[in-house]
Amino acid sequence: MLVQDRSLPKPTSKPHQLFLNNHFLQPKTFVFPKWLSFNLFKIATISVLAFTIAALFFLYTNNDSPTTFLCFNSKSHSKIPTPIELPRINFNSIPPISDKSSNFASFTSDRWIVVSVSDPPSDSLRKLVRIKGWQVLAIGNSKTPLDWSLKGAIYLSMEDQAKLEFRILEYLPYDSHLRKSVGYLFAIQHGAKMIFDGDDRGEVVDGDLGKHFDLKLSKASVMQERILQYSDENPNRTVVNPYVHFGQRSVWPRGLPLENVGEIGHEEFYGEVFGGMQYIQQGISNGLPDVDSVFYLTRRSGSEALDIKFDEHAPKVALPQGMMVPLNSFNTLFHSNAFWALMLPVSVSTMASDVLRGYWAQRLLWEIGGHVVVYPPTVHRYDNVEAYPFTEEKDFHVNVGRLIKFLVSWRSGKVKLFDRILELSFLMAKEGFWTEKDVSFTAAWLEDLLAVGYVQPRLKAIKLDQLRPTTIGHADRKEFVPQKLPSVHLAVKESETVNYEIGNLIRWRKFFGNVVVIMFVSGPVERAALEWKLLYGRVFKTVVILSDTTKADLAVEQATLDQVYKYLPKIFDRFAGAEGFLFLRDNTILNYWNLLQADKTKLWITDKVPQSWTTFSIEGEGSEWFSKQADMVKKVVSTMPVHLQVNYKESSTSKQSLMICNSEVFYIPQQFVGDFVDLVGLVGKSGIHNKVAMPMFFMAMDLPYKYDSVLNTMIHKPEASLSNSSNIYSAQVPAVYPWTVSSESDFVELIRSMAIGDPLLMELL
């Protein structure tokens, strides 16, 4: 409008022309009131516009989400995320890339040590250069000194890397060790048959990699060698801490799920596997091993450097298919069949990159029949750097347990390895383990591998979907008892008799110390009441025992299982200051060490556990009982307060069916106690069964998608109820059903099984 006002209109009439002439051309004495009156509209318009711009700018700069600062946050204005797409690549038509720019174009070597360098050459790196038969390749980044040089090492500066024409270059950060991926490709391009992924802080023990690792896999002696292998009898065991095998029960590697840290018992027995397929070989590091920030920041005493020793005489140990171990990027040997596994992801934090790579690589390694072997100490690393923050590891601390589960269950129908690699990377992005950037990076990596002359290995038939053997014959069992070497415990030197388990007990007690366990005992309480209190009372605030009969001398209170929910408000009132209440039946075992990731402000129940939470039709033959229960539920629902009734109706799937829950275990936080008590009051004297009442209560208290999922992975096998179910027990799940304890010997067997997760339980025997 203002621009248009500045242009003169076409003459249309004489009076208008006169007005223009009089107003713009004839000089007049300036009179402010008259001028103000004539321009009032323009002044007002400009003022409103200026005020509006200022207001918008203020709101924009002071709002957390500028795009929504004027409530433009409706679905019609929100940006719809672009779905991740699987790249389509013809791996048969990748043009070659040759080294035309570096000073080492004609150089070849079959053994390479690849390191990242940000500082001037270290003494450890100078020793690496002197290892016979190996070529050191140092990869620079934006932090590397411009004059970096070391005799005997090949150094690729940022400028040198840019000239190599690799596709991956556009995805790599400038200031990170993740640029080692360029080095891997360079080494392969120059004849590599094996690559040692190292760093400039590690000194190879005795200066000889061949003394520790298996370098010639095709050698008859290597192929005929029998290597100890972790037992695969337990299908629920998908990750192990290799440090236990090498004498350090109190130490865990970076990348091990924190919920598995407490598994410090040594192997009862091992199996064996022939050598020759250990395409990825993980070494153990003395001094400063590969530990996470949780260990480092709680075990390091002031300025005293960590100096941890592992058993150098312990035998190497292999991982079977279906079981994984954390791998790192500073003490790992890759044979050519696993060169594709060297790729370091770029969309996660730098401290999580090699952890995710390791798990991703292990799963894909099974596709070609290979496996990982962990070796006794191969390097010594010095603890002379500043600690990195916990936030650098968040990408794997949050997701690593879920990642392992996802990888173990993944299957592919692709006919070539690279297609499966790309597919898995794509699915990992869809699951949120890394981003779409790493899908594109994977595609570029695979193309570059082919471009530098790498030939993808052939797939081999794997039998992951077949059930693991239930037993290993005694003749095939191999025993090895690890040493118990001195370590560090909460920044204090640990003797052989001081156990790491105490720290776990303190941690569990801190987490559950204000949670009340309510246990219903169906068996003889005289034999079990005290045992249950001893078992769970060590960790929880208290244990309330309910049973069909009262036993005052044992503090056993009377309640009926069919309507036990009506007794719970009395316990809630008695422990009004408790953080929450965990109900448990005596035929269900609670592995409390696996509940630390749960949200104690949310409801927990087994709504995602088949056979524990089921739906029954209220119509047809044999549905009379269910129909009567459903009628009582409808009456209660009709009297519910609005918030409970709305939740229930939104959660209910069908009016012609009834939800049933066996209620073996559930948790009610303090914030839902009031609703629970109100619901019990609404039920009144009606005969709603506990199996019907509990799903009704939970669906009314909150929507199912808001429940914490901690119990979803419990073992629930009703068909095992006729026998004592030690064969189905796993220390890696939150709970196990069923387990019958009817005698002292049953309890002893239970304690011995649970001691896998809480070794201090053995003190109860």
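Which residues in α19 meet Met696, Met699, Ala700 and Met701 in α21? I'll start there. They are His643, Leu644, Asn647, Tyr648 and Ser651. Contact, throughout this talk, means heavy atoms within 4.5 Å.

Some ground rules. This is a predicted model: local features need pLDDT of at least 70, side-chain atom pairs count only at pLDDT 80 or more, and totals for chains, interfaces and linings use all residues. Residues are numbered from 1 along each chain as its sequence is written, and side-chain values use heavy atoms, with hydrogens and water left out.

Helix α19 covers residues 642–651, and helix α21 covers residues 690–701. Helices here are DSSP runs of H or I with at least four residues; strands are runs of E with at least two; both are numbered from the N terminus. The two helices pack at an angle of about 110 degrees, and their axes are 6 Å apart. Axes are lines fitted to C-alpha atoms, for helices over the stretch in contact, and angles run from 0 to 180 degrees between N-to-C directions. So α19 and α21 are roughly perpendicular to each other. On the wording: under 35 degrees is roughly parallel, over 145 roughly antiparallel, 65 to 115 roughly perpendicular, and the rest oblique. The crossing of α19 and α21 is right-handed. That term applies if the near helix is turned clockwise from the far one by less than a right angle; anticlockwise is left-handed.

What is the contact of α19 with α21 made of? Six nonpolar residues, three polar and no charged. Nonpolar covers Ala, Val, Leu, Ile, Met, Phe, Trp, Tyr, Cys and Pro; charged covers Asp, Glu, Lys and Arg; the others, Gly among them, are polar.

Now the whole chain. We have 22 helices and 23 strands. Of the 765 residues, 53% count as buried. Buried means under 20% relative accessible area, exposed over 50%, partly exposed in between, with a 1.4 Å probe and protein chains only. Take the contacts with a separation of 6 or more: residues 24 or more positions apart account for 77% of them.

Next, the cores. A nonpolar core is a set of buried Ala, Val, Leu, Ile, Met, Phe, Trp, Tyr and Cys residues joined through side-chain atoms within 4.5 Å. The largest has 108 residues. Ile195, Trp340 and Phe418 have the most contacts inside it. Helix α14, residues 436–451, gives the most to this core: nine residues. A second, separate core has 51 residues, including Tyr565, Ala578, Ile605 and Val673.

Look at Phe418. Not counting residues up to four places away in sequence, Phe418 touches Phe91, Trp340, Leu446, Leu449, Leu450, Tyr454 and Gln456.

Phe418 also takes part in the contact of α13 with α14. Helix α13 is residues 417–430. How do α13 and α14 pack? At an angle of about 165 degrees, with axes 8 Å apart. They are therefore roughly antiparallel. Their crossing is right-handed. From α13, the contact uses Phe418, Ile421, Leu422, Ser425, Phe426 and Ala429. From α14, the list includes Glu436, Val439, Thr442 and Ala443. The contact divides into ten nonpolar residues, two polar and one charged.

Helix α13 has another partner, α10, residues 350–365. Here the angle is about 140 degrees, with the axes 11 Å apart. So α10 and α13 are oblique to each other. This crossing is right-handed too. Trp360, Arg363 and Leu364 in α10 meet Leu417, Arg420, Ile421, Leu424, Ser425 and Met428 in α13. That contact holds six nonpolar residues, one polar and two charged.

Now a strand residue. Ile284 lies in β8, residues 280–287. Is Ile284 buried or exposed? Buried, because its relative accessibility is 2%. Tyr243 is 41 residues from Ile284 in sequence, and 8.1 Å from it in space, C-alpha to C-alpha. Tyr243 is also among the contacts of Ile284, along with Phe246, Phe310, Asn331 and others.

Last, the backbone. Tyr737 and Pro738 are joined by a cis peptide bond, with omega about 5 degrees. Pro738 sits in the loop between β23 and α22. Asp206 is not a glycine, yet its phi is positive, about 65 degrees. Asp206 lies in the loop between β5 and α7, and is exposed at 54% relative accessible area. Ala555 has a positive phi near 60 degrees. Its loop runs between β15 and β16, and Ala555 counts as partly exposed, at 39%.
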